[in-house]
Every structure is written in structure tokens, then in C-alpha cells.
Amino acid sequence: MRTKSAVVKMAAVLEIILLAVSVLTGCRNDAGGAAESVSAEYSEEDSAYDLSGVTGTFTLIVQTHEPEYAVSGTFLNEWAESVEKASGGHIEIDINYGAKLGGAKDTAYMVKNGVADIGWGFQCFYTDRFPVTEVFMLPLRNIESAKQGSEALWEFWNTTDFMDEEYSDYHVLLLHTGCQSPVAVCGEKPETIDDLKGKTIGINSEVLTPFVQALGMLPMNVSDRILYDDFRNQTVDSCVRAWDMLDFLSVDAAVSYYLDEDIGVYTCYLLMNHEAYEEMPEILRQIIDEKSAEAIAYTSVWDEAEKQAKAAVGSRVYQLEDSEKKALVSAADQAAEAWIAAMDGLGYDGRSIYETAMQCIENQDVQ
């Protein structure tokens, strides 16, 4: 697998400019047999599939905002290798790490418009774009691992039509979750729910707003880029971020304690452009579908990252007493009811979506 050299690097661009850049730089794949030979890294002997009649290499451009050294880099590299090997070299995955083609909030639009063939990113970056998916980001809903959450979300996608509309612009390769999130606290250790009241808390998803408000906390939308500075400057008293992100952002020096109550997970997408998908022969479409679905197994890298992050901070990780946990769960239940009501207001059957999602979570073995 080869990582493409920088073609375009820009923080925020209009979609029409991105489309023009893709044409000028040739970012589209070599579908239709335009490539003259099969990738030399793998051969048809490496594949368990019947590849007779398939010629040439189909190079798929992948966009992600995260760098290769992030946990997602390990996940994407393992996924890409499995696809390339199974295709006998007829599919080449060209991953552009670190937002080389566009910013974090551009990825889904880039895939939709064909600037990138495939994109990996977070649904929470797109307000109101993936409303049903948000049900898996609700706090304290008994998701205990990235693997469990991923299997639940994937089951929900494959067994219901609730999310069909919000992903209609894409061919869905995989939907999954990351690991759990603590409350990272700067300053004195909160022992009770009352200790949290009036404190500011940095969040990066509106799904959490009713929850932290029910706790009496003051939510602030805080970017990852300035989180460390906000802690050091005491702009925020605490934040909710996944364990892998806290480690990735290197904020530990500014954090006093970690309230480890499985506040919630973030969801991730692996989406493909419709045209790029249809341009490939049927057997290659089958391969990328099957290997992408099997990549749920690789989400365990987030669980390992969580374990390592907890071990690194040691005794500063703690949990509330059972009596206080009840108040925490009550606030989370209020947030769930608020989400259901909000979805009803948007014309969805919020209760049905919520209950089906909770059943999918319950159906999974805890990893």
C-alpha cells in the first residue's frame, strides 16, 4: 500500500474548487482498465476470489483528516491491506492522511462529489447531516467497547432502513464506533454530582448538551486544536473526549483526574463515492464490501488504545459511588428522552429508532 504525495492542501474550500482540483490533478481512480498493469505488491495467487477476466488496477483515493500515527491510521492500514490482498492487486488503496485533500469537515462532501473515492471521518462534524446515527452517541447507553459499539451500529445499518436517507449520497462500506469517553477534569476531584454543578465542560457533539445541562454543567463547544490551551488557561473546567483522543491530543499535563463512567462513544464512517464503486467489476465490488465489513474486527485497536491510555494515567482514573452513579444515569436518561423528542420534531419516529438501537447494543457480546 502506498500513501499518495500531497496533491492539494487547504483548510476550507468551496466544493466547486475541490472538484476542479480533482480533475486537474487526476485524483480519480483508473477505473475501466485505464491502468496498464496489476499492482506489483499482491498477485492473484494471494486472493481467495475468482479474478479471471479482471484486468488492470483500480486506484481508489482515500481522504481522512487524521494523521497516520492516530489510532485510525492503524485501522485504515489494516483495512486497506486486506482489500488489496483479496483483490490480488487489482485494487490499490491510496490513503491521504492528515487532511491532504481537504479539512475534517470536507471529507463527506468530497466523497459525495467524487473528489475522493472513499472517506473516513466522524459524523459529529456535520450538524443535522446524520441525525439517526447520533442515537449511538447518546451518553451511558451500555456500550462498553469500540468493538461492541461497532457491531451494534453495523447491525442497525444492515437490519433497518432508519439511516437509508442520510447515507443515500454514498455507498456505505462500514459504520463503526470508537472507544469510550471519560470526563477529564482540571482542578479539584469531583466526588459527587453536586461537585459538577456550575462547572464548564468542553464538548464536541451537540448530542451531549442535554446531558451535561441535566447535570447542572455549562457546555462549551471546544475544538480539539485549542483544548489543551483552554485547560491551561482555565477557560474550561473539564471536557468529554474519547480515551484515544485525549492521548492523541496530549492534554494529560493539564488534566488532574479522569472520571471513568463510559460517558459515550463517537461514531465513524467509511463511505465510497457511488460512481467510483459502480465503475469497478462486480467481483471487486464484492471484495471491497466484504473486506470492509470484516474490518469491524480491526476496531479493537481503539479498545487497546483505551487500555493503554488508562494505564498511563494510573490512579487519577476513578469512578463515582453507586449512589452518585444513579444521578448520572438519570441525567443520561433525560438526554435520551430529549433526543427522542427532538427526532419526533424532525418527522422521525424517535422512540422506535431509539429502542431498536438499544436492542442492537444489547444483542452484542461485551468485548
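User: What makes up the lining of the largest pocket in this predicted model?

Analyst: In this predicted model, the lining of the largest pocket divides into 26 nonpolar, 10 polar and 9 charged residues. Among the 45 lining residues, Lys105, Cys124, Phe125, Tyr126 and Asn204 lie nearest the centre of this pocket, and its volume is about 1200 Å³.

User: Which helix gives the most to the lining of the largest pocket?

Analyst: Helix 11 gives the most, with 5 residues, and both helix 7 (243-248) and helix 11 (322-345) supply at least two residues of that lining.

User: How do you know that strand 4 and strand 10 pair?

Analyst: Pairing needs at least two bridges between two strands, and 6 bridges join strand 4 to strand 10 (residues 267-272), so these strands pair, and they run antiparallel. Within this pair, Thr177 stands opposite Thr267 in strand 10.

User: What makes strand 2 and strand 4 the edge strands of the sheet?

Analyst: The open sheet has 5 strands in the order 2-1-3-10-4, with mixed pairing. Strand 2 (91-96) and strand 4 (171-177) each pair on one side only, which is what makes them the edge strands.

Notes
Residues numbered from 1 in each chain as written. Predicted model: local features only at pLDDT ≥ 70, side-chain atom pairs only at ≥ 80, totals over all residues. Heavy atoms only, no water. Helix = DSSP H or I, 4+ residues; strand = E, 2+ residues; numbered from the N terminus. 1 Å grid on protein atoms, 1.4 Å probe; cavity = no way out; pocket = protein on both sides within 12 Å on 5 of 7 lines; lining within 4 Å. Points joined across faces, edges and corners; volume = space filled by probe spheres on them. Nonpolar A, V, L, I, M, F, W, Y, C, P; charged D, E, K, R; others polar.
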